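Take a moment to turn the model around on your screen before reading on.

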Amino acid sequence: MSLTVAPVEGRRGARIFAEAGRTARRGDKLWSEPLSLEAALIFNGAKSPFMRRNPHAYLVAFDEGRPVGRVFVADDRDHQAIHPDGAAHFGFLDAADDPAIIPALMEAAAGWARQHGRTALEGPYSPAINHEIGLLTESDGRPATFKTNDAPPRYAAALRALGFRTVQELCAYEAEIAASDYPERTEAVLARWGGRNRLSIRPFNLLAFGKSVREENEVYADAWADNWHAVPPPEDEARFIARFMLLSVPPRWLTMAAWDGVPIGVLHLIPDLNEAARGVAGHEWTGGLLRYSWRLHAGGVKRARIATFGVRRAFRGTRIGAMATATLVADAVRKARRAGISRLEVSWMLTGNRAAIATVERLPARRTKTWAMFRKEFRE
């Protein structure tokens, strides 16, 4: 093997970066290849606010000219402004089954980080905290849901062998919709609560896109402000994420809870786009997108994911906050039922977030996956 690592740029570089991922995961039945449209949006520096704002590099491992691995590395300035920990962030890690590839990729990423004045590497952030994070370390063996990492176990083992340590863990819980009477139990509690008429649930309003994004982003930023490494999305980033989600997510699945008309909670329910996209990547323009659309809109998707739920800090630990959370989750379960969803995943939650996990366990749901965030300090 003649292994080299080099940065790639531009449209051709994006294609090579994607090919490195395909080569690395070829034959892995659990891998869900992203659609080319998704990759074009995320990696396009002209469209992605994160890429425009932050120095970054796409590093590819080549074996005699053939791409066999990849890693993304960035100097996330929004993160450093709030959490000045000196770390560059890595993500989109993939490598063929050769023990030399991940060490070579991470050495190149560390070199880039040092050149940009950073003293550590941390990740995966793909590309940032408000997108996809974490590296899969424990799993029930089911395929990953949309925007959750599905790395084989050897990735985490390779990072640990290089001296990376776990700095945070996240988890997923999954519920069988048919076994959940959560909406009915919530409705019974609401009926006895004097504040029920002051609490309302409303969907994302496409006709007032800008206002809806601002309101959701304000609630999200406040509700997650105390979370590990939280970074409130700038407005352009929030708009970018919303537009990306609304390509495939029904607006009524993006909901807010309001108290006396003022937004205090948010929940995002997402159909498992991985399930809809299986076998489509690479065939989008030869009938693949039609197959993807049919699966998505004609009952071909049987899993969904609650990717976000929470309430403003002022309502945390209060009766109002508890009822807002319960009502948002109950509404999501009802929508999943009507859409023919049979399994509902809630992820990510910090493994130490007992309040969120307790809510989800009452669906009922069981823990199915764990992801880790890794960090390594550089030696002088």
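Which residues touch which in a folded chain? In this predicted model, look at the contacts between residues at least 6 apart in sequence: 78% of them join residues at least 24 apart. Ser48 and Ile241 are separated by 193 residues along the sequence, yet their C-alpha atoms lie 9.2 Å apart in space.

Now step back to the whole protein. Its secondary structure consists of 13 helices and 15 strands. The radius of gyration is 21 Å, close to the 21 Å that the globule rule gives for 380 residues, so the protein is as compact as a globular protein of that length. Along the principal axes, the C-alpha atoms fill a box of roughly 70 × 45 × 40 Å. Of the 380 residues, 57% count as buried.

Next, let us look at how two helices meet. Two packed helices are described by the angle between their axes and the distance between those axes. Find helix 7, residues 182–191, and helix 12, residues 319–338: their axes come within 9 Å and cross at roughly 145°. The crossing of helix 7 and helix 12 is left-handed. On the side of helix 7, the contact is made by Tyr182, Pro183, Glu184, Thr186, Glu187, Val189 and Leu190. Helix 12 answers with a list that includes Arg319, Met323, Ala326, Val333 and Arg337. Sorted by class, the contact between these two helices has 9 nonpolar, 2 polar and 5 charged residues.

Finally, zoom in on two serines. Is Ser48 buried or exposed? Ser48 sits in the loop between helix 2 (36–43) and helix 3 (49–53). Its relative accessible area is 3%, and a residue counts as buried when that value is under 20%, so Ser48 is buried.

Methods:
Residues numbered from 1 in each chain as written. Predicted model: local features only at pLDDT ≥ 70, side-chain atom pairs only at ≥ 80, totals over all residues. Heavy atoms only, no water. Axes fitted to C-alpha atoms, helices over the stretch in contact; angles between N-to-C directions. Helix = DSSP H or I, 4+ residues; strand = E, 2+ residues; numbered from the N terminus. Left-handed = near helix turned anticlockwise from the far one by under 90°. Contact = heavy atoms within 4.5 Å. Nonpolar A, V, L, I, M, F, W, Y, C, P; charged D, E, K, R; others polar. Rg over C-alpha atoms; globule rule 2.2 N^0.38 Å. Buried < 20%, exposed > 50% of the residue type's maximum accessible area, 1.4 Å probe, protein only.
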